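Hello,

Here is the structure I said I would pass on. Please open it first, then read the notes below with it in view.

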Amino acid sequence: MTRHRNASDGSVAVLEPGQEADGEAVLPFGAADAAAGAVAVTVDDDAEPAVMAAGIVLPPPIGAQIHSGRFARRGFMKVVREGAPTTTRQAEVLNTAIIGSPTDERGVVIGIDRISAAMIAHDPFTAYEAKHITSPNVCVLGMIGSGKSSLIKTVYVERPLLLKNRRAVVVDKKPRNGEGEYADLTRRFGGEPFRFEPGKRGNGSTCMNVLDEVILAGGGPAQQVQLLAAMAQQAGTGELDEWHHKSLRSAYRAVMRRFELGVPGRSAPVLPDLVEEFADVVDSDEFARLRPRTLDLVEERAWSMRLRFERMLGEDLEGMFDRETSKHVVLHPKLTTFDISALPEDGPATSMVMVVANAWLMGMLTKHRGLRTNFIAEEGWHLLGGPGGKVIRSKSKLSRGLGLSIVAAIHHISDIPDDSEAIAMIKEAQTIHLFRQEHDDDIADCVRYFNLEHSNGTSLGTLQQGDHLLKVGTQKEIKVQHIRTANEIVFTETDSALITQPSAGVVVGDERQPQLAL
Ligand SMILES: Nc1ncnc2c1ncn2[C@@H]1O[C@H](COP(=O)(O)OP(=O)(O)O)[C@@H](O)[C@H]1O
Ligand SMILES: [Mg+2]
């Protein structure tokens, strides 16, 4: 019998308090639920003892054994290398997908392999550093209700945050009980979501200043202008041409110069300052030698830009981009949440906040290096589709250097235009979670884009909630059941029929579960 030495069929060891783990993928669990198991991490990161006391519970994995190791003191399990007693041939017969594609031992636990019941763990950062994959970006695909958010909330937010030196920044789009679906989790980690409410000034609503020094620090003037251009494009109709860009650069330079020279009582320009500059663009020195017809063109484009930026200061975007960045917008050591659940479904607001939040984060990361950060964009086409995607992509090398992984969820590949930056980002992402797809053409898209085994492709149509195909790098996909702990079930439950009590706790069936604190 050949032993499978891959992590995909490796057994799981449960550590007892006082024992030590020397392995890689480890799972913390609360003392009270020691027998039951856990959530996951990588050993080189070390978990935060405070959060560890939480008592996060996972059903005991099949083949769990006691193992010794120093992490046991804090209540960890560890994946051991010893394979489950499955021969390669047996496994092949069961499912070709599990053969070639073990997941990383050093990883955040996702759940179990649907065929072998082995624990599956993966972490884009450690896998990227080990050169198993070429990008830390993650793409999660699946129809509504298939389990995308639950996976992201646990595997890319809560579980990594149990580690030291990990951070997550979420753009929270989905309303749940009158605020974003991450509101509870954000508070459990000690933060408060930044709430965006168009038309509301003050009263806890959030404003982001695209011209401030944090965003400037994230990529320099060229990228700040690129961000402004992306926003201007979204705020108007039609593409920007080279004269639009030229007039934007001219106005941007003018406003920056004015503030470098000093404006009493003001430290940085805000968008209304930029808006003012457009009127003078046509008179700037750089256009002095142009003939009248070209000057008319410059003036027209400058006005067009002005109107686009004015649009950002009023109507449905009012109060969101017109002043200095709100004081409460600070990078939380654990979970930072931009709550955009109150923004209208249509219109540019959502995409704008996502792209601005990403730019702001890049700026913050240049100042606060050393942590690995997951940037979560649920409904990721808002971020990657459209002009914002170009900004994100142009910074992807820089973001890797800053330890940033973009985790984007989308419903179907067909939501995204073929030639857009988003498609390129999806193709580049090396960690793909494919949840259920309803339509044959969406399934066919997945098979083609991710080079899936045909039989796995067809199974996309019948996956249960939480089940998905995981594809890491060029390895073959595996079918994974995402496992949630009891606590996690409470904060990931989005089927509204199950949620009746917004603030006091969550009612599941008839039983009220206590509000759980991490
Ligand atoms: N791992 C899982 N196991 C079992 N059920 C799950 C799992 N993940 C999610 N679900 C169920 O599916 C519902 C929808 O999940 P959600 O993550 O909100 O889907 P999506 O974000 O794709 O719309 C959840 O409320 C829950 O009932
Ligand atoms: Mg969702």
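Subject of these notes: strands, core and ligand

Strands β16 (residues 431–434) and β17 (residues 467–472) run antiparallel and are joined by four bridges. One residue to look up there is T431, whose bridge partner in β17 is V472. Please keep in mind that this is a predicted model.

For the protein as a whole, the secondary structure comes to 17 helices and 20 strands. Of the 518 residues, 53% are buried. If you take the contacts between residues at least 6 apart in sequence, 74% of them join residues at least 24 apart.

The largest nonpolar core has 119 residues. V210, V353, V355 and I376 have the most contacts inside this core. Helix α10 (residues 349–367) gives the largest share of the core, 13 residues. Leaving out residues up to four places away in sequence, I376 touches I152, Y156, V157, A168, V169, V170, V171 and V407.

Why does L274 count as buried? The cut-off is 20 or more other C-beta atoms within 10 Å, and L274 counts as buried because it has 22 C-beta neighbours inside that distance. Again leaving out residues up to four places away in sequence, L274 touches L211, A251, Y252, V255, P269 and F309. Of these, Y252 is 22 residues from L274 along the chain, and the C-alpha atoms of Y252 and L274 are separated by 6.5 Å.

Last, the ligand. How many residues surround ligand 1? There are 16, and the closest are G147, K148, S149, S150 and G466. By class, this shell has one nonpolar, 11 polar and four charged residues. Helix α4 (residues 148–161) supplies the largest share of the shell, three residues.

Regards

Methods:
Residues numbered from 1 in each chain as written. Chains lettered and ligands numbered in written order. Predicted model: local features only at pLDDT ≥ 70, side-chain atom pairs only at ≥ 80, totals over all residues. Near = placed C-beta within 6 Å. Helix = DSSP H or I, 4+ residues; strand = E, 2+ residues; numbered from the N terminus. Nonpolar A, V, L, I, M, F, W, Y, C, P; charged D, E, K, R; others polar. Buried ≥ 20, exposed ≤ 12 C-beta atoms within 10 Å, placed from the backbone. Contact = placed C-beta atoms within 7 Å. Pairing = 2+ DSSP bridges. Core = buried A, V, L, I, M, F, W, Y, C linked by C-beta atoms within 7 Å.
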